[in-house]
Amino acid sequence: MTRSEVAPSDHVFRRVPPVLVVSDPKVPGGLRASSSAFCDDPDGSPMSVYAMSIVTRLGLDHTAVVYGKESGWGVAQTPVELLAEEEQQVLLDPVVAVEVPHPCDPAHGIVVGDKQPKSRRERIARGSPLVHIVHIVHIVP
């Protein structure tokens with residue numbers, strides 16, 4: 001299957017687990033994604049993202065990216081142009097025919113390229129502000 005590239009003018013959303021959301025007093029809101037949030041998956045598959053233009057076309061926004069996730073999960077927004085500057089290629093890779101679909105599956109993409117050295121991931125992290133953190137309030141009767 002041939003995958004199409006995501007336009008350089010687009011942005012991608014990256015889900016960030018709570019353990020990779022770190023404090024940083026230098027950024028608005030005081031939180032950011034760690035550079036470790038921009039690695040390929042542990043199983044060796046490329047880093048997973050969601051194309052903002054397609055998420056929007058689906059009538060959704062960045063909050064849908066963490067649909068079903070627990071408190072503390074974040075959403076980082078990265079310019080595709082920044083990823084290209086860091087020698088990364090962003091390709092659409094929609095998720096299809098899964099038993100339990102996610103609302104953003106049609107917008108799924110992968111980021112292909114060497115994520116080393118760590119300074120590359122640090123530059124990507126600095127250019128990827130958190131645009132959402134999941135906050136779940138449990139009301140006890």
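Is Leu82 buried or exposed? I started my notebook with that one, and Leu82 turns out to be buried, with a relative accessible area of 14%. Buried here means under 20% relative accessible area, exposed over 50%, and partly exposed in between, using a 1.4 Å probe and protein chains only.

**Ground rules.** I am working from a predicted model, where local features need pLDDT of at least 70, side-chain atom pairs count only at pLDDT 80 or more, and totals for chains, interfaces and linings use all residues. Residues are numbered from 1 along each chain as its sequence is written, and side-chain values use heavy atoms, with hydrogens and water left out.

**Leu82 and its surroundings.** I found Leu82 in helix 2. Helices (H or I, at least four residues) and strands (E, at least two) are DSSP runs, numbered from the N terminus. Leaving aside residues up to four places away in sequence, Leu82 touches Arg123, Ile124 and Gly127; contact means heavy atoms within 4.5 Å. I also checked Leu82 against Leu92: they are 10 residues apart in sequence and 17 Å apart in space, C-alpha to C-alpha.

**Helix 3.** Next I looked at residues 118-126, which form helix 3, and noted Arg120, Arg121, Ile124 and Ala125 as buried. The buried residues fall within an arc of 135 degrees seen down the axis of helix 3, so they line one face of the helix. That arc is taken from the directions from the helix axis to the C-beta atoms. They pack against strand 3 (31-33), strand 5 and helix 2 (80-85).

I then traced an open sheet of six strands in the order 6-7-4-1-5-8, with antiparallel pairing. Two strands pair if DSSP finds at least two bridges between them. Strand 6 (89-92) and strand 8 (130-133) are the edge strands, each pairing on one side only. Strand 5 (residues 74-79) runs antiparallel to strand 8, and three bridges join them. In one of my spot checks, Ala76 had Leu130 in strand 8 as its bridge partner.

**His102.** I located His102 in the loop between strand 6 and strand 7 (108-112). His102 is buried, at 15% relative accessible area. A polar atom of the His102 side chain lies 3.4 Å from the backbone oxygen of Val65. Not counting residues up to four places away in sequence, His102 touches Arg15, Ala64, Val65 and Tyr67.

**Cysteines.** Finally, I looked for disulfides, meaning pairs of cysteine sulfur atoms within 2.5 Å, and the count came to zero. Cys104 is buried, with a relative accessible area of 0%, while Cys39 is partly exposed at 22%.

Definitions and conventions:
Polar contact = N/O pair within 3.5 Å; in protein donor to acceptor, adjacent residues only side chain to side chain.
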